[in-house]
Amino acid sequence: MKSLWIASVSLALFVSSCQCSDDQSGTAPFIPVEQAASEGALIADASQGALASALMKQINKDGFEGAVTFCHENALPLTDSLELIYNADIRRTSFRFRNAGNEPDSLDVVVLSEFERIHELDSVPQPKVVETTSGTLRYYSPIFVAPVCLNCHGMPGEDLTADLHALILEEYPQDEAVGFEVGDVRGSWVIEFAEAFNSNR
Ligand code: HEC
């Protein structure tokens with residue numbers, strides 16, 4: 001965790017010390033796709049690491065029930081705080097979402113469908129960079145279900161106990177994020193580089 005924050009701070013310093021174009025015409029060159037791919041990978045990894053370590057710490061402290069409450073209160077604020085460090089939009093999305101704030105938009109639907117299609121062909125979907133209609137670049141990186149995830153996203157009454165499922169439904173009455181199996185595509189990280197970040201640097 002500590003090394004993550006050190007890495008984050010040095011990246012933030014790097015970003016803020018760069019030379020940014022003051023071109024307001026909207027035609028400033030966006031960062032190249034390769035750069036969106038490498039920085040997207042770095043940001044998605046750091047975000048995944050931050051969420052996973054916070055989650056594991058909470059599970060060890062308060063068990064799965066405490067961790068659900070913790071996620072409910074902290075998952076979105078945590079990615080919001082990373083956005084400030086990286087100056088990019090950071091979120092997760094999924095066809096079967098738990099928090100309605102993670103509902104996919106139309107471009108997310110296209111990419112999630114592609115990830116699902118590749119997964120159904122028994123291949124492993126790879127991260128990709130896509131340009132939005134407004135010209136910004138988005139880095140998508142598939143999120144897969146690991147054994148520990150089944151405790152909160154598995155089949156109700158089996159890996160996900162009836163008690164925990166009841167608690168989840170209290171916090172998220174519209175929850176759709178159950179019934180997953182190990183290896184399934186759970187969703188995707190979406191890292192979008194804002195216009196200011198895309199300027200010449
Ligand atoms: C302790 C229970 C718990 C565990 C274990 C858990 N999750 Fe979740 N997960 C949640 C909760 C609660 C949310 C909703 C968070 C919020 O309100 O933003 C969530 C949301 C998500 C989302 C965002 C999309 C959505 O459905 O809203 C993804 C993606 C996700 N989880 C993937 C995983 C993966 C992958 C694992 C295993 C590595 C995992 N989760 C383990 C409880 C859990």
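Which residue in E3 does Val129 stand opposite? Val129 stands opposite Tyr139 in E3.

## Model and conventions

This is a predicted model, in which local features need pLDDT of at least 70 and side-chain atom pairs count only at pLDDT 80 or more, while totals for chains, interfaces and linings use all residues. Residue numbers start from 1 along each chain as its sequence is written. Helices (H or I, at least four residues) and strands (E, at least two) are DSSP runs, numbered from the N terminus.

## The sheet

Four strands make up an open sheet in the order E1-E4-E3-E2, with antiparallel pairing; two strands pair if DSSP finds at least two bridges between them. Strand E1 (88–93) and strand E2 (128–131) are at the edges with a single partner strand each, so one side of each is left without a neighbour in the sheet. On average, neighbouring strands of this sheet are turned by 25° against each other, direction ignored.

E2 and E3 pair in the antiparallel sense over four bridges. They form a hairpin with five residues between them, and Gly135 in the turn has a positive phi of about 95°. Strand E3 (residues 137–144) also pairs with E4 in the antiparallel sense, over eight bridges. Tyr140 stands opposite Val190 in E4.

## Helices on the sheet

H2 lies across E1, E2, E3 and E4 and runs at about 50° to E1. Helix H3 (residues 106–120) also lies across E1, E2, E3 and E4, running at about 140° to E4. Axes are lines fitted to C-alpha atoms, for helices over the stretch in contact, and angles run from 0 to 180 degrees between N-to-C directions.

## Contact of H2 with H5

The axes of helix H2 (residues 33–86) and helix H5 (residues 162–171) come within 10 Å and cross at roughly 15°. H2 and H5 are therefore roughly parallel to each other (angles under 35 degrees count as such). Phe64, Glu65, Val68 and His72 in H2 meet Leu164, Leu167, Ile168 and Glu171 in H5; residues are in contact if their C-beta atoms, placed from the backbone, lie within 7 Å. By class, this contact has five nonpolar, one polar and two charged residues. Ala, Val, Leu, Ile, Met, Phe, Trp, Tyr, Cys and Pro count as nonpolar, Asp, Glu, Lys and Arg as charged, and the others, Gly among them, as polar.

## Shell around the ligand

Of the 24 residues around the ligand, Ala67, Cys71, Asn99, Cys149 and Cys152 come nearest; a residue is near a molecule if its C-beta atom, placed from the backbone, lies within 6 Å of it. H2, helix H4 (150–153) and strand E4 (185–193) are the elements that give two or more residues to this shell. H2 gives the most, with seven residues.

Key:
Parallel < 35°, antiparallel > 145°, perpendicular 65-115°, else oblique. Contact = placed C-beta atoms within 7 Å.
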